Amino acid sequence: MALQTKINDFLNGNENGMVAEASEYTAKDFSSDQDVRWCPGCGDYTILKQAQNVMPELGMPKENIVFISGIGCAARFPYYMDTFGMHSIHGRAPAIATGLKVSRPDLSVWIITGDGDSLSIGANHFVQLLRRNVNVNLMLFNNQIYGLTKGQYSPTAPEGTISKSTPFGSLDHPFNPLALSLGAEGSFVARAMDRDPKHLKEMLLRTHQHKGTSMLEIYQNCIVFNDGAFELFTDKKSRPRETIYLEQGEPLIFGADKDKGVRLDGLQPEVVELNGKYSKEDLWVHDEQDSTKAHLLSRFFEHPAKGSGLLFPRPFGVLYAVERPCYDDMVVAQNQHAMEMKGEPDLDALLRGPETWEVK
Amino acid sequence: MSITDQVREEVTIRFAGDSGDGMQLTGLLFTNTTALIGNDLRTLPEFPAEIRAPAGTVPGVSSFQLHFGSKEIMTPGDDCDVLVAMNSAALKANLSLLRKGGVIIVNTAGFDKKNLNLAKYAENPLQDGSLTDYTVFEIDVTKFTKESLADMNLSYKEEDRSKNMFVLGLLCWMYNRSLDSTITFLQTKFAKKPEIGEANVKVLKAGYHFGETAEVFTSRYTIKEASLEPGTYRSTIGNDATVLGLVAAARQSNLPLFLGSYPITPASDVLHGLSKYKHFGITTFQAEDEIAAVSSAIGAAYGGSLGVTSSSGPGVVLKGEAIGLAVMLELPLVILNIQRAGPSTGMPTKIEQSDLMQAVYGRNGESPVAIVAPRSPADCFDMAFEACRISLEHMIPVLYLSDGYLANGSEPWKFPQTDDLKKINVRFEKPRKGSNEPFLPYLRDERHVRSWAIPGTAGIEHRIGGLEKEDETGNISYEPENHQKMVKLRKAKLHKIADHIPLQDVDQGSEKGDIAILGWGSTYGAIRTAVFALRKEGYDVSHIHLRYISPSPKNLEELLRNYDQVIVPELNDGQLVRLIRDEFLIPAKPINKIKGSPFGVEELKQEILNVIRTQTLAQEL
């Protein structure tokens, strides 16, 4: 007994209105008529491109896709997507998306945000979104700098960052976005980078497929104010040594010659060389559903590796993905339950209230 | 001793006790029985901001004032005729509100050494002769309550908790009221704990019989039915009526309603109330903060819901940026501000109407919103409904300014039927099939209103945002000419609403004359009663009360110019008066009270007379 409202009536009456079958879309269909205005060479371009590339694979009519952004360079993103979109206010996109998704569960809602937007001014909404597990996708463009305001350090900038507002070096300890997300009970936590578009596209698809809040951190290079911040991981030469790509059920192997791995000594991860003493069988096997391992992975770069003296590689891919009830589903179920319990709403009875009297 | 029956035209009773003594419930139940016998009435609850201030102390006193009568009652009464004091602190805190010659009913158990010390009384006021101006009835309510429950095997705490029912029973006897509706209430409330329900009923009856048999009282009072407009009535408090207004608007627009809210005094009851009506297609979301509350409502409005957020002044100020976003997006959004005394945290449970300037100007940039304000608890229904109607039909945020006095005050309400309610016309942009014409999200109709283009509608995919946009296309634009045009358009859209609201009427008095008293919001009852009295004394005074503040009714300026003098009484330091002077260049005079309490009728009458005298004097000189 669903309560018929204008939205339902309206949308149900619109089924023939679809311009194209979802399967017929190409990436071009998702490119709006607006000129893209990021700095030449900005990491945002490849992220936009991959988002447009992945959209046809969602199998959704494009009128059902909504991008909501806050403030920052990345927040212009919705203007360039030919879907529904809102460029909102600083830090509040998760709250706006929550209201939209809860009231319109039929939509695929994407949040575009950055390290300043989500980890500074909007940090509260960011963690609340994750704990509620609203079924939306969040793309966190992390460039460790404030770009739009022209170069102040951000909440993910390493200690000692020299920036316009910190000429003597920043003093505050940075956030670790993945550890924060896991701490906030995030059900899907992943990392990608602008310089590996193929993997990025794969992660965007995973983000869409996961039911619940999908948090995808994307290392994004700010060519003007923080160029090379992630060079160690993005540079083709150092990447094999410095990164590890996580695959479900696969051992943690990295290195140009696949000659290094990570093993667990109890709860202590260590980097080992696969040269006799240790083989593939001794290594940590990735399990997305293991929250303890996900926590360890999220903190790889905070601690020096034990054992060989080698540094931990930076993990990319899905650190954690589990199913747990989504807030929007539960809201719908509770409203439905109330309707079943209380029956057809009767406004006149409600207006009358429990007691009345007559004046003649 | 014989008991005489006396008829009274109006009575004001104040129930006062420790905040744990259940005085609010006692007052509400007495109000219900009073409404049911057809008296007109107004109430004013007052409670401490602390949930449980130290028991027995003056800051811990909670009180409830009820003014009822057979004539028109528009205020909770200035001075009270009867004061019920459950302990020493309650007497101390409220004695100044009792008229000379009034009746005091005290629970003597609350006047032991410990209670007197807590209330900081050096001497027992019941014994030191300080109450000779009053008629005092000393009753050991605590003892009688325990005695009437002797056979029930309840704990000390459970027994003590029902002592308020003794007082209620006694007053029901004094004022010739049936206990029936109270008994029904108690049985329903304690359905799961029938022995507690039974205990309360027992104590209630004991109080009633005490009046009859104790030979303490010499009089009972009858207050005849008031001559209200014929019809079916119920009792309502403002926040409940607000909730019903929202539910009705959702129904009349056939939209789901989404409330994003964060708890705050005195607005939380709107969240509580709406959360009970999920079967009406209402979703309530208790957000992490005020900003998320309004932002989620904007998200829901973007998706085609009736988006509402409720708060009080300190919360609304946090919502400012997001309200500006809704202005810029041109989405419907209803913001309920149940005002309280400010600035900052101010006095959360005290009454003030000092957020009008905040509503009009409290955002960055030129950011026009519509503003409405209910004038009485029952009017909260109509104006909450109107806030939704204006917002939805004109695609504009609407601020609704209630206050703590309306929120918690009650009055008889001749409630409407669904058939009497207006239809709210909502127009969603239609889908487009294979059209090459670009969709223009900011194309406007003759009222300057854009269409509501909700996600899920094929062929009209588009982007909106907080950046300045080009007229019609909605594309980002920093063009100087365009910005000025858009600022003017958003304002013109607000002004066009004036074509769709009622003209301003004169509540009392003539349409031109010496003096107009111009009010807004919860001061309605006090102004109406004061003006009535002044007119009786021969003054040419009229009362005009604004419910639509922005835009104001089209005839307001012309109407105000019909009077030699315009006086604006407000519970703030002069806000509407400034708007009137600013907009119309009319030299309106303020009357201001900023004490956290409403105008008393006599007080307001004197203030009006002062302004009149000063003016007359100035003219003579």
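**Close-up 1. What the buried residues of helix α5(A) pack against.** In this predicted model, the buried part of α5(A) packs against several elements of chain A, namely α3 (93-103), α4 (115-121), α6 (177-183), β8 (214-219) and α11 (327-342). Chain B joins in too, with its own α11 (290-302).

**Close-up 2. Helix α5 of chain A, residues 123-132.** Seven of the ten residues here are buried, so the helix is largely enclosed by the rest of the structure. If you want to find them, look for A:His125, A:Phe126, A:Val127, A:Gln128, A:Leu129, A:Leu130 and A:Arg132. Just past the end of α5(A) sits A:Asn133, with a positive phi of about 60°.

**Close-up 3. Where chain B touches chain A.** On this side, 68 residues of chain B are in contact with 60 residues of chain A. Elements of chain B that each put in at least two residues include α1 (23-36), β9 (231-237), α9 (238-253), β10 (257-261), α12 (313-329) and β17 (463-465). The largest share, nine residues, comes from α11(B). Sort the chain B side by residue type and you get 32 nonpolar, 26 polar and ten charged.

**Close-up 4. Strand β15 of chain A meets β9(B).** Here a strand from each chain comes together: β15 (residues 357-359) of chain A and β9(B) run antiparallel, joined by three bridges. To get your bearings, pick out A:Glu358, which stands opposite B:Thr232 of β9(B).

Notes:
Residues numbered from 1 in each chain as written. Chains lettered and ligands numbered in written order. Predicted model: local features only at pLDDT ≥ 70, side-chain atom pairs only at ≥ 80, totals over all residues. Buried ≥ 20, exposed ≤ 12 C-beta atoms within 10 Å, placed from the backbone. Helix = DSSP H or I, 4+ residues; strand = E, 2+ residues; numbered from the N terminus. Contact = placed C-beta atoms within 7 Å. Nonpolar A, V, L, I, M, F, W, Y, C, P; charged D, E, K, R; others polar. Pairing = 2+ DSSP bridges.
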